[in-house]
Amino acid sequence: MPLRDRLLAVTVAVCWGLNFLAIHLSLAQFPPFFLVALRFALLAVPTVLLVPRPAVAWRWILGYGVGFGVLQFVFLYLAMDTGMPTGLASLVLQSSAPFTVLLAGVLLRERFTARQAVGIGLAVIGLGGIAVHRAQLDGGATLLPVLLTLCGGLGWAFGNLANRQARAPEPLRLTLWMSVVPPVPMLALSLATEGPAQIADSLSGLGTRQGLLALAGLLYTVLVATLLGSGLWTALMARHPSSVVAPFSMLVPVVGIGTSWLVLREPTPLVEIVLGTLVVGGVLLGSSRAAQTGRTGTTSAEAMPATPSPRPVSPSPSDVVAETLTGAPAAADSTLSASARR
């Protein structure tokens, strides 16, 4: 993976790490399932009206929307609403990385190196240790939110595979159209479990301090975490094997735990910090595949096509983002980021 794409992957990690604080603020006002429906509806309506559908099969749009949009956030929001600490949620959700690599190996036959396998092992040990530690707290009452968050990570992994298989020529369109999938099933689930009365109550008092903070958190989630973060992530998954991109999500808890401690004064036990270090350490091993490919000079038989875009001498950040979302890597980068499909 070229340096530019590595930096973009880190940018996504920062956007998503701060998103857990935004979710925490929004859950103080809205019930979890209705919040998921609201989050994606704000994107889905303008998408259907203004954005052409991406040139990919419907099954990949639906798969991406169900995995990334529905399953991930059903379990994550429910976990955080039932007591999952914000910082710990940002850590445990990164189980999506080892889940993605393992599922890609089984379902897509993507190869991963022994070093990547060690990285997965470290992540699994760290996540398993956290689950065991939480099972010993408060009579095991804190274990359920951890298990729910792990289910969210598995849903994200399935979404990653659908994203990868779509290979959308315009990744931003795929990200936007993915948002069309969750609102209806999530609203139905909210009406069935949370009820119209609770939904109506959450829509009152939006002018209060809590309501304004909840709306600010919702806007951050929609515009930054979903539109910008997921758009960049979709572009990276379209260019590189899942096993190369997914481990960068392990950097998210560094931001999530840090902001939850600074803003919410949320304590994190030392044992969970140590175990979390094992999880985050997997990114150093899990993202090493492309570098090894470049050194050995070997490439896959199928490379992503390159259509380089002209670059201004001093591009603005918005120009860089637009180019990243709509263009493909230059020819030299394309060789390094060749797919490992077989």
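How many helices and strands does the secondary structure of the protein chain come to? The predicted model has 17 helices and zero strands, where helices (H or I, at least four residues) and strands (E, at least two) are DSSP runs numbered from the N terminus. Residues are numbered from 1 along each chain as its sequence is written, and side-chain values use heavy atoms, with hydrogens and water left out. Because this is a predicted model, local features need pLDDT of at least 70 and side-chain atom pairs count only at pLDDT 80 or more, while totals for chains, interfaces and linings use all residues.

Of the 342 residues in the protein chain, 51% are buried (under 20% relative accessible area, with exposed over 50% and partly exposed in between; 1.4 Å probe, protein chains only). Contacts (heavy atoms within 4.5 Å) between residues at least 6 apart in sequence join residues at least 24 apart in 89% of cases.

The largest nonpolar core holds 69 residues; such a core is a set of buried Ala, Val, Leu, Ile, Met, Phe, Trp, Tyr and Cys residues joined through side-chain atoms within 4.5 Å. Trp16, Leu76, Tyr77, Met80 and Met84 touch the most other members, and helix H3 (residues 58-81) gives the most to this core, with ten residues. Beyond its neighbours within four places in sequence, Tyr77 is in contact with residues including Ile23, Leu27, Pro32 and Thr221. A second, separate core of five residues includes Leu103, Ala104, Leu108 and Ala157.

Two helix pairs deserve a look. Helix H1 (residues 3-27) packs on helix H13 (residues 252-264) at about 40 degrees, with axes 7 Å apart; axes are lines fitted to C-alpha atoms, for helices over the stretch in contact, and angles run from 0 to 180 degrees between N-to-C directions. H1 is therefore oblique to H13, given that angles under 35 degrees count as roughly parallel, over 145 as roughly antiparallel, 65 to 115 as roughly perpendicular and the rest as oblique. The H1 and H13 crossing is right-handed, meaning that the near helix is turned clockwise from the far one by less than a right angle, and left-handed if anticlockwise. Among the residues making this contact are Trp16 and Phe20 of H1 and Val255 and Gly256 of H13.

The axes of helix H5 (residues 96-107) and helix H6 (residues 114-135) come within 9 Å and cross at roughly 135 degrees, so H5 is oblique to H6. This crossing of H5 and H6 is left-handed, with Pro98, Val101 and Leu102 of H5 meeting Ile120, Ala123 and Val124 of H6.
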